[in-house]
Amino acid sequence: MDEASNECLQSVTPSNDSFLQHISSTQLESVLKPVCPSIRSALWPQMERKIKARENTDLQVHIDDTLIHCHLLPLQCFSEYFEREVRPGQAVVELPAQHVPPAAFEVVYEWILDPDRQLEWAHLVAVLSAAEYLKIPTLVERCWQHLDNPCVVENVAFYVFLKAHEFHSAQLQPMMLRRICRFFLSLVSTPEFCELAFAELAVLLSSNIIGVFDETDVLYAACQWLLYDWAERMDAIEPAMELVRFERMRAADLARFCIFQECAELQPILRHPATKQLVDRALASICCRCPDASAVNGGSDWAKRDCSVAERVRLVPDTKETLAYVAGDTSYDGFNEFLAVLRGKPTVWQTFRLSEENVGLLDDMFGGCAN
């Protein structure tokens, strides 16, 4: 025992001949020791149990009509928002549902309390939005590990795009649109394609990896989008047509468009000055190329296409549905008939085969997940 202990012992001594003269603090210290270690449980496991059980919570989080009871300290350990924006003693916090939906906040809070908490696919984009708003970098990184996965392609990528659209994710939306390949034509058959904003359409139709049988597929897809809300979109003919690579079309198709040999629905689009100029320019580029190109390549019209314009990913027609499509009516009506087939068989796009030269490209980009 130290000097202070001796002083304490002396302070209770009634007289010099007291019993305390017969015992020393050193003896007391050496004898009065437990024979077994302490049986008291550790503090943190008990605190953790109470926190996870939400006992004695000190914070209420309001999101729309939802009230969530939490402990502030765990939130402050991971969230810069709660660390900086929530004042000591503040009992209530209101969060915007458009950035932090109630279900997403529940997942975020459970993840903070349990690092092994799995993130369900249904909430991934909402949790990412919440983590970004609440400034939780470790959770943002975790969400991106799920979403920036090479296997998030095709219809899954468009699902993520639709979820990201709800939260106006400027980074996630274009990323997902650029991961659509074989699913492109099936996507065009859906109302969701026609409801894209022009900026989103531009990202999609500017992609080199959308899978098509011919560039006319892209033209008809653009027309599909324009005609869906013609009164509002007729002024977008020029920018929409500029997304089409007319130089990659067959000369016969260009000649057909040049004389407006198409259905009545497409006449306002084909006769628009911008479309006429693009078609004429593509035809002119064919005429300016080497005159013996067709002879060298066995008369193939593919040889006459402008190689300075990037090629899309090409699909190979080798199934009953695809062979019927490419061998049938190549007009807009024929295109719509094929879209009807795709709507009736929602999974048929998975049978679409990529051309050999495109398989390696997509393997490099997505590790074989797009095949």
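1. Strands here (E, at least two residues) and helices (H or I, at least four residues) are DSSP runs, numbered from the N terminus, and two strands count as paired if DSSP finds at least two bridges between them. On that basis, 3 strands form an open sheet in the order 2-1-3, with mixed pairing. Strand 2 and strand 3 are the edge strands, each pairing on one side only. The twist averages 25 degrees from one strand to the next, where axes are lines fitted to C-alpha atoms, for helices over the stretch in contact, and angles run from 0 to 180 degrees between N-to-C directions.

2. As to provenance, this is a predicted model, in which local features need pLDDT of at least 70 and side-chain atom pairs count only at pLDDT 80 or more, whereas totals for chains, interfaces and linings use all residues. Residues are numbered from 1 along each chain as its sequence is written, and side-chain values use heavy atoms, with hydrogens and water left out.

3. Strand 1 (residues 59–63) and strand 2 (residues 66–70) run antiparallel and are joined by 5 bridges. Within this pairing, Q60 has H69 as its bridge partner, while I63 stands opposite T66. The hairpin of these two strands has 2 residues between them, and D64 takes a positive phi near 55 degrees there.

4. Strand 1 and strand 3 (residues 92–94), by contrast, run parallel and are joined by 3 bridges.

5. Which residues make up the covered face of strand 1? They are L59, V61 and I63, whereas Q60 and H62 form the uncovered face.

6. The largest pocket has a volume of about 250 Å³. A pocket is found on a 1 Å grid over the protein atoms alone, as an open set of points where a 1.4 Å probe fits, with protein on both sides within 12 Å along at least five of seven lines, and lining residues have an atom within 4 Å of a point. Its volume is the space filled by probe spheres set on the points, which are joined across faces, edges and corners.

7. The largest pocket is lined by 16 residues, and F213, D214, R250, Y325 and V326 lie nearest its centre. Helix 14 (215–228), strand 5 (313–316) and helix 21 (320–327) are the elements that give two or more residues to this lining.

Conventions: Buried means under 20% relative accessible area, exposed over 50%, partly exposed in between (1.4 Å probe, protein chains only).
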